[in-house]
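Hi,

Here is the structure I promised to send over. Have a look at it first, and then read on for what turned up.

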Amino acid sequence: MVQTNISLKPYNSFGIDVSAEWFAAFSSADELRNLLKKSKNENKLIIGGGSNILFTKDVQGYVLKNELKGIELVNEDENYFYVKANGGEVWHEFVLHCIENNYAGVENLSLIPGCVGASPMQNIGAYGVEIKDVFHELEALSIEDFSVQKFSGKDCAFGYRESVFKRKLKNKFIILNVTYRLNKRPKFNIEYGAIKQELEKMDVQDLSIQNISQAVINIRQSKLPNPKEIGNAGSFFKNPAVSEVHYLALKEKYPNIPAYEILNSSDKKIAAGWLIEQCGWKGFRENNYGVHSLQALVLVNYGGASGKDIYNLSGKIIESVKEKFGVELEREVNII
Ligand code: FAD
Ligand code: EPU
């Protein structure tokens with residue numbers, strides 16, 4: 001059913017109250033094709049959980065919500081399970097399904113909000129793992145000719161919070177389903193961040209995908225705001241990469257600056273949360289929006305803020321980080 005002029009507030013984790021001219025959910029590829037035919041000459045926005053979007057204005061045209069459900073083990077070989085999930089499945093529920101069935105590889109990605117269909121969009125990542133590490137293939141429907149096409153990992157051109165769907169093929173395809181390649185024998189990844197400390201705190205004796213998932217959940221809950229309580233879209237900016245020379249100059253002036261190696265590059269990735277905190281923004285609040293007090297990379301809506309307010313705040317943060325450190329932050333959230 002197509003609804004007209006409805007509020008998108010329940011459909012975005014920032015809780016921004018804008019309206020959609022038309023809104024419809026689809027739970028089969030045929031339903032989607034019909035909606036695409038109907039909206040042929042209109043602007044279209046596909047959404048899953050709305051947890052990586054900042055609406056700065058009402059949406060003219062159609063908002064189409066992916067509700068394609070189903071998870072299926074489609075193949076296995078000596079080393080891997082191949083598990084296909086439809087795009088409207090909630091990501092964390094998919095992770096829980098994998099843990100229950102001993103499909104290993106997504107436990108570090110526990111509790112990331114949103115849907116399966118958006119997971120390849122920005123190659124979601126956390127605690128040392130990205131989608132590209134467990135990706136097998138996906139099927140996507142062309143908005144132009146309605147054909148269904150398969151994409152391999154190479155076709156997706158995954159990068160740090162990047163894929164071909166955010167670049168060359170932006171607004172050209174709707175991701176219908178994703179097949180992940182999950183390990184039969186888990187390769188535990190506990191090097192990143194506070195996972196080891198959390199496992200010690202939990203008094204874990206034998207590692208398992210269950211307790212790694214629980215450790216990740218505990219860490220995330222300790223610093224990331226729950227969108228059900230405070231509107232947000234996770235990290236608002238990417239962690240920026242800088243040249244080695246720039247990094248060394250910064251390190252000399254700020255010996256505690258957190259930085260990470262980048263594979264096959266001499267550039268370093270700098271923690272944007274640290275840069276923003278050093279500029280004095282952590283915990284900043286103006287009226288009903290601001291910067292989270294436990295994670296400076298997360299901008300928040302305390303209720304009733306407009307997307308424009310939050311967008312303008314992000315501009316001020318970019319300016320001040322640029323002025324103090326000579327580093328240009330890039331927004332990670334999709335601005336509509
Ligand atoms: P949406 O917000 O609905 O859409 C995101 C973009 O993808 C939009 O441009 C949309 O048009 C497009 N899109 C969505 N579905 C489809 C589809 N089926 N086909 C084509 N295009 C589509 N991200 C991380 O990577 N790591 C984290 O640790 C992380 N932590 C977060 C913590 C919090 C508290 C929050 C609120 C967000 C966090 N995020 C994180 C961001 C977010 O969870 C991910 O980007 C997630 O994949 C978004 O999924 P979604 O279904 O909500 O996408
Ligand atoms: N830091 C500060 N001040 C802050 C926040 C962070 O100094 O206010 C420092 C921390 O002390 C630490 C470093 O920055 O030394 C990194 O912080 P953290 O481990 O919290 O991770 P992050 O770099 O801020 C990234 C991802 C998250 C992901 C976590 C865990 C990006 C843009 N963000 O955050 O992803 O969950 O690592 O892997 O890469 C998202 O994309 O929405 C997201 C939440």
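**Around ligand 2**

A polar side-chain atom of Arg161 sits 2.9 Å from an oxygen atom of ligand 2. Please keep in mind that this is a predicted model. Tyr160 also brings a polar side-chain atom to 2.7 Å from an oxygen atom of the ligand, and a polar backbone atom of Ala296 is 2.8 Å from an oxygen atom of ligand 2. On its own, ligand 2 has 820 Å² of accessible area, and the protein covers 82% of that.

Two elements give two or more residues to the shell: α5 (209-223) and α7 (272-278). Of these, α7 provides the largest share, three residues. In total, 23 residues surround the ligand, with Tyr127, Tyr160, Glu277, Gln295 and Glu332 the closest. Sorted by class, the shell has 11 nonpolar, five polar and seven charged residues.

**The domains**

Ligand 2 lies between domain 2 and domain 3, because both give residues to its shell.

On the domain 1 side, Arg33, Leu36 and Asn66 supply 40% of the area buried against domain 2, more than any other three residues.

Best wishes

Technical notes. Residues numbered from 1 in each chain as written. Chains lettered and ligands numbered in written order. Predicted model: local features only at pLDDT ≥ 70, side-chain atom pairs only at ≥ 80, totals over all residues. Heavy atoms only, no water. Near = heavy atom within 4 Å. Polar contact = N/O pair within 3.5 Å; in protein donor to acceptor, adjacent residues only side chain to side chain. Areas by Shrake-Rupley, 256 points an atom, 1.4 Å probe, with all protein chains shown as cover. Helix = DSSP H or I, 4+ residues; strand = E, 2+ residues; numbered from the N terminus. Nonpolar A, V, L, I, M, F, W, Y, C, P; charged D, E, K, R; others polar. Domains from an automatic or database assignment. Buried area = accessible area lost by both parts, 1.4 Å probe.
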